[in-house]
Amino acid sequence: MIAWLAALVLLLAPGAVRSQSYEAPLPPQISTDPDLCAHVPCGEVIDADRFSPRKGRPAYVEAYRGEGGQKKLVGYVFLSTDIVDIPAYSGKPVVTLIGMDTAGKIVRSKILRHSEPILLLGIPEAELTKFIKQYEGKFVADRIEIGRAREGYIGLDAITGATVTVIAQNQVMLRSGMAVAKQVGIIQPRPLPQATFTPQDAKLDWAALEQDGSVQRLTVKPEEVGLPRGPQPYVDLWFGYLNAPAVGRSILGPAGYESLMSRLKPGEHAIFIINDGSESFKGSGFVRGGIFDRVQVSQGMETFTFRDQDYLNLYGIEAAGAPAFRESAIFIVRGGDAFSAAYPWSLVFLGNRLDKTTGSRSFVSFDKEYWLDGRHLEGGRPKVERPEATWVRIWREKTVEIGIFVVFLALVAAAYANRNILAARANRGDKRWTDWPKYAAWLVSIFFVGFYALAQPSITQVLTWFHALLFHWKWELFLTDPLIFIFWWFIIITVFVWGRGLFCGWLCPFGSLSELLYKIGAAVGLKRFQRNLPLRWHNRLKWVKYGVFLGLLAVSFWSMGLAEKLAEVEPFKTTYLVGLFSRSWPYTLFAAGLLGLSIFTERPFCKYLCPLGAALAMPSTFRWYGLKRKQDCSWCTACAKGCGSLAIDKQGRIDHRECMLCLDCMVLYHDKNACPTLSRERMRREKAGLPLTPIGPDGAFIPIKPV
């Protein structure tokens, strides 16, 4: 209840929600009505007084302005989701209305809807508006990238803390503009050298065609379009290029291939598609005069769609071992020199994803690359300079930070892996052997990982990834933040090896700051005011964080946006991403209150409220290695009295779901003066004149078998 009340206070606080486009409701007709401008403010993105109905594919609107009693074409207006499906960090696209003049320069743009919670509850949404304003006056074919520009590129200022969002939005702006500019003739298609095929008469079976890539498969699952999971794919497409003699003869048979080639004109290309999914890939195009609105071919920045006259019946597959299928087709790509089979191209399936929370549908695309094997091409495959993936560039630009971070994680893991050696040394009177590695990890975590790199893990990432795994996983989405990506792999591995404590106790930037404040408080004379809750209250309140996590997870299935708002129970954004004094007073008060309370009680947020800690505590139950215990620990309470995490019960058992791996109990475990069991044995040996030489692998001079 405390956690949810805190989150609601933040959400209802003055200035907490001033968004106009976050999860803004859009009319359902926005994607289908020919009169786009009846539903969106076209006049705000271009100076015009008249707009045409939607035209072309992808769709755009012509904008006119009256001059001298005549209407003059001044540009074009288009909706980004009519053209591209590029998810931002939330996994949903940023719906953008874009105005472009007749020269191909962006006039203005307007965000109609986004689902990025960081731009609602962390970074002001005005920052996104400020970001897209940088595109005004830019030609859509300009080479634009985020951050410091390389030679030949135009650089745009990013939004600190929202890297993934702005990278996705950069692609939305440029790819949408390019698609429309090419369609209306502002940018002319670049001719490609055409393929020359090697003469082959051999008839290949399906396995051979699949092995050399002459047929490819594109499968879309029902959950990827917002439908319930089912035993059958939504669509299950096999496709290939028929002009190549070996492929065409194997699929159609010699007579069928010769018949097809006789019907094709120069510059025309035939592909086949078969489908065994529950839904059709033909869509509304399977009527006279229609467009096949579910499949298209893309090559580079060119897109090729199909009309009814581009369709031929495919009655069967001649290749032995071909899979069963429900429907089939041959499509003709009439791309002329703009399409070449010598270069890679992609089959794109276009669908509508159902949003279960709102009942609305959004545009989504799935694609699979196809490139003929070199043995089908005279001279083999040509060299292709592929554009560098965005995430690759980000990793390259952050090489130094990544290197420092990886070394840091490796050192922390090595230090903890040698915990018994460090604890045994600390038992000789120098506790710095266990404290200093931990303190050093805290400082690096707070200042490098938290304040500098902004790489604080969050429960919102757990929710986002959970939904991505269930519905539509894209590696590129998570690779665009390299430190977070590396951090999470480290966390996942170490949670199952040692439990949550290595991250929560040593590496979490907020947890480290909280613990450091507690230590500083003790050092400056506040130790007499420092208290932990009585164990009976701790054992009740420690379950609150599990309720918070499960509540967030449940809410996310109803509304991901609301779940991400309620995740403000984490003070991470306020502390690191945005800044303690850069947000409205409720956020600052909440985060500062937790940090202030940390001076007087050890890690209150980590113990009782943190949903991320709860999410990591659950798999900690199945860790491989735990801290050592002796048989006598079942009656001795010495370690429990000094445990700041209150993770040791009356029977001496350590609850690794709550343990922060501070190693204080391990120091006591090896200390022959402080551990009651070892102290008794030490006095017995001293009285008997026996040697006190350490024996045993764990450094204790008495070989007591751990249990």
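View 1. Lys438 and Asp435 are both buried, where buried stands for under 20% relative accessible area, exposed for over 50% and partly exposed for what lies in between, with a 1.4 Å probe and protein chains only. Lys438 forms a salt bridge with Asp435, with 3.9 Å between the closest N and O atoms; the term requires a side-chain nitrogen of Lys or Arg within 4 Å of a carboxyl oxygen of Asp or Glu. Because Lys438 and Asp435 are three residues apart in helix H10 (residues 432-452), about one helical turn separates them. Helices (H or I, at least four residues) and strands (E, at least two) are DSSP runs numbered from the N terminus. The model is predicted, so that local features need pLDDT of at least 70 and side-chain atom pairs count only at pLDDT 80 or more, while totals for chains, interfaces and linings use all residues. Residues are numbered from 1 along each chain as its sequence is written, and side-chain values use heavy atoms, with hydrogens and water left out.

**View 2. Further salt bridges.** By this rule the count of salt bridges comes to 23. Among them, the side chains of Lys573 and Glu568 meet at 3.3 Å, N to O, and both of these residues are buried. Asp212, Asp373 and Arg375 are linked in a network of salt bridges.

View 3. Within helix H7, Arg393 and Glu397 lie four residues apart, about one turn of the helix, and form a salt bridge whose closest N and O atoms are 3.3 Å apart. Arg393 counts as buried at 8% relative accessibility, whereas Glu397 is partly exposed, with a relative accessible area of 42%. Trp395, Arg396 and Glu397 in H7 meet Thr399, Glu401 and Ile402 in H8, contact being defined as heavy atoms within 4.5 Å.

**View 4. The open sheet of five strands.** The strands follow the order S8-S9-S10-S14-S13, with antiparallel pairing, and two strands are taken to pair if DSSP finds at least two bridges between them. Strand S8 (215-220) and strand S13 (311-312) stand at the edges, each with a single partner strand, so one side of each is left without a neighbour in the sheet. S13 pairs with strand S14 (residues 327-333) in the antiparallel sense over two bridges, and Leu312 stands opposite Ile330 in S14.
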